[in-house]
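Here is a friendly note to read alongside the structure. Please keep the viewer open and look up each residue as it comes up.

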Amino acid sequence: MGSLDDINDLRGWLELAEKLGEVRTITGAHWDKEIGAASEVNYKRPSPPALLFDDIVGYGTGQRVLTASMANARRLGMTLRLGTDLDDRGLVEALRTRPGEWAANASRYPVRVVETGPVRENVFAAGEAGLLDFPVPQWHEGDGGRYIGTGCAVFTTDPETGVLNAGAYRMQVQNDGRAASINIEAGKHGAAHVREWFKREGRAPVTASLGHDPLLLVVAGTEVPGGVSELEYAGAVLGRPVEVILGEVTGLPIPATAEIAVEGWLYPDRKEQEGPFGEWTGYYSGGTEAVLTMDIERIYHRDNPIQLGAPPGKPPHDYSYMRSVMKSAMIQDALIRTGLPGVEGVWAHEAGGGRQLLAVAINQQYAGHARQAGYLTSQLPAAAYMNKFVVVVDADVDPRSLNDVVWAMCTRTDPAEDIETMRQTWGSRVDPLREKGVPPFNTRAVIDACRPYTRLADFPKVAEASRELIDQVLRRWPDVLGGSW
Ligand SMILES: Cc1cc2nc3c(=O)[nH]c(=O)nc-3n(C[C@H](O)[C@H](O)[C@H](O)COP(=O)(O)O)c2cc1C
Ligand SMILES: [Mn+2]
């Protein structure tokens with residue numbers, strides 16, 4: 001044990017992360033708000049370590065909760081099997097073109113069905129055990145309950161093609177642990193599967209893993225293209241198939257090394273009040289609403305299981321770093337694949353939860369190029385959900401620097417001319433601007449923060465020292481000036 005190739009589950013992941021000095025343990029925290037608040041304090045620090053909670057009040061030693069799993073470049077790079085010593089820039093470099101390759105190669109890694117696995121160390125039928133046998137956190141003070149599904153992977157199939165989908169959809173404990181609501185936004189693949197099952201069979205089979213190699217959270221929680229199974233995509237990342245067992249009741253796959261998994265059916269009229277929940281926008285999502293709820297038919301768990309927590313909130317939150325890095329890479333790949341020339345970089349800023357604020361740097365080549373980049377980006381399947389602003393900047397602006405992007409907006413955008421809006425676009429129920437009872441549309445803007453194409457030749461020069469001059473003074477006073485360039 002100890003190298004990237006050896007990671008086969010959350011425990012292997014933890015072992016390597018601990019060896020790298022990337023994990024801190026907290027004992028004696030209460031599941032009621034303390035785990036959530038301690039995690040929140042941790043996210044706000046630069047390059048936060050992962051936090052492993054043990055000896056949780058009311059639960060024995062060994063039942064653990066992990067948060068901030070991928071909150072820095074080193075652990076995200078490790079999770080994506082790209083390296084164990086990457087920094088922000090190195091990770092972005094290493095990730096370039098990979099998402100497209102993983103999607104293209106996914107079909108070469110169909111899941112491998114195995115007879116049994118660690119997840120079957122303990123198996124309970126309905127009524128024999130409940131979700132509150134585990135130290136499920138109440139994450140935020142204003143949450144409507146305890147959420148066992150944050151860093152989860154919810155599995156559904158397309159009833160026609162059998163293609164498996166995994167999505168991270170929040171799951172609130174219901175009925176004292178005998179049920180869980182699953183909050184799937186309209187437009188997500190899981191929602192389409194469930195709708196199709198309802199139409200054909202009147203119910204939809206579902207399994208969910210609640211603790212696993214964080215790679216499964218990356219693939220379930222990121223917009224892997226439709227029709228591509230996230231588990232096969234994970235196989236392409238790993239270079240080997242993911243092993244699954246088949247659920248006893250539904251026959252749906254469950255990762256063989258999952259820490260905790262549940263299984264059951266959704267029915268169109270089986271709903272419970274769900275929420276509010278502190279969401280990635282930085283606000284609590286509305287009030288409570290009736291949400292599809294699964295009565296638990298089976299609970300599977302390893303001895304001393306570890307929940308993978310990933311609670312959102314005002315950014316930076318648990319997975320905002322992961323979301324930004326993955327979104328940026330996927331959107332940049334997708335934008336280049338449209339055939340748009342001159343794409344220099346894309347960054348999905350954490351302040352916008354990795355969705356609402358996208359910066360695109362281009363090398364302007366023709367009249368209309370900048371707007372084309374903006375409109376295309378805002379409607380790419382990888383970017384469309386809940387986008388609010390696409391800011392297009394020239395190649396001399398670093399799209400990852402919020403300061404530089406805002407500076408470009410302040411100096412190259414003429415608000416009356418250069419902001420284009422779109423209406424009735426793909427929003428979300430978690431949008432704090434949405435009015436209750438209204439379908440989750442949003443509006444969005446493309447902000448052209450490029451120098452006007454007609455003035456490229458004579459636009460004022462940027463007032464900063466040239467590279468040569470900077471290098472000259474760095475060489476002269478390295479003790480005083482070195483390190484920051
Ligand atoms: C920790 C976490 C929690 C999430 N919670 C939800 C949720 O409650 N509902 C939802 O529709 N999407 C949620 N998402 C976003 C989806 O997981 C994401 O859009 C994913 O691409 C959905 O998979 P699908 O495209 O296969 O449907 C969450 C993502 C993460 C990482
Ligand atoms: Mn999907």
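**Notes on the model**

1. Let us begin with one residue, alanine 68, which is buried, with a relative accessible area of 0%. You will find alanine 68 in the loop between strand S3 and helix H3. Its phi is positive, about 55 degrees, although alanine 68 is not a glycine. Most residues other than glycine have a negative phi, and most peptide bonds are trans. Please keep in mind throughout that this is a predicted model.

2. Now compare aspartate 55, another non-glycine residue, with a positive phi of about 50 degrees. Aspartate 55 sits in the loop between S2 and S3. Is aspartate 55 buried or partly exposed? With a relative accessible area of 30%, aspartate 55 is partly exposed.

3. Let us step back to the whole chain. Its secondary structure comes to 14 helices and 22 strands. The radius of gyration is 23 Å, close to the 23 Å that the globule rule gives for 485 residues, so the chain is as compact as a globular protein of that length. Along the principal axes, the C-alpha atoms fill a box of roughly 75 × 55 × 45 Å.

4. What share of the 485 residues counts as buried? The figure is 56%. Look, too, at how the chain meets itself: of the contacts with a separation of 6 or more, 71% are between residues 24 or more positions apart.

5. A word on charge. The chain carries 49 positive and 64 negative side chains. The centres of these two sets lie 2 Å apart.

6. Next, please find the manganese ion (ligand 2). Which residues are its protein donors? They are Asn165 through OD1, His189 through ND1 and Glu230 through OE, at 2.1 to 2.2 Å from the ion. Histidine 189 belongs to helix H6 (residues 189-201) and glutamate 230 to helix H8 (residues 230-238), so the pair ties together parts that are 41 residues apart in sequence. Histidine 189 is partly exposed, at 30% relative accessible area, whereas glutamate 230 is buried, at 2%.

7. An α-helix has 3.6 residues a turn, so residues three or four places apart point the same way. Just after H1 comes glycine 21, with a positive phi of about 75 degrees.

8. Turn now to alanine 208 in strand S11 (residues 204-209). Alanine 208 counts as buried, at 1% relative accessibility. Leaving aside residues up to four places away in sequence, alanine 208 touches Ala153, Val154, Phe155, Met171, Ile260, Ala261 and Val262.

9. Finally, check two cis peptide bonds. One joins glycine 275 and proline 276, with omega at about -10 degrees; proline 276 lies in the loop between strand S15 (271-274) and strand S16 (289-301). Another runs from proline 315 to proline 316, with omega near 0 degrees. Where does proline 316 lie? Look in the loop between S17 and helix H9 (320-337).

Conventions
Residues numbered from 1 in each chain as written. Chains lettered and ligands numbered in written order. Predicted model: local features only at pLDDT ≥ 70, side-chain atom pairs only at ≥ 80, totals over all residues. Heavy atoms only, no water. Helix = DSSP H or I, 4+ residues; strand = E, 2+ residues; numbered from the N terminus. Rg over C-alpha atoms; globule rule 2.2 N^0.38 Å. Buried < 20%, exposed > 50% of the residue type's maximum accessible area, 1.4 Å probe, protein only. Contact = heavy atoms within 4.5 Å. Lys, Arg positive; Asp, Glu negative; His and termini not counted. Charge placed at Lys NZ, Arg CZ, Asp CG, Glu CD. Donors = N, O, S within 2.8 Å, 3.2 Å for Na, K, Ca; no water.
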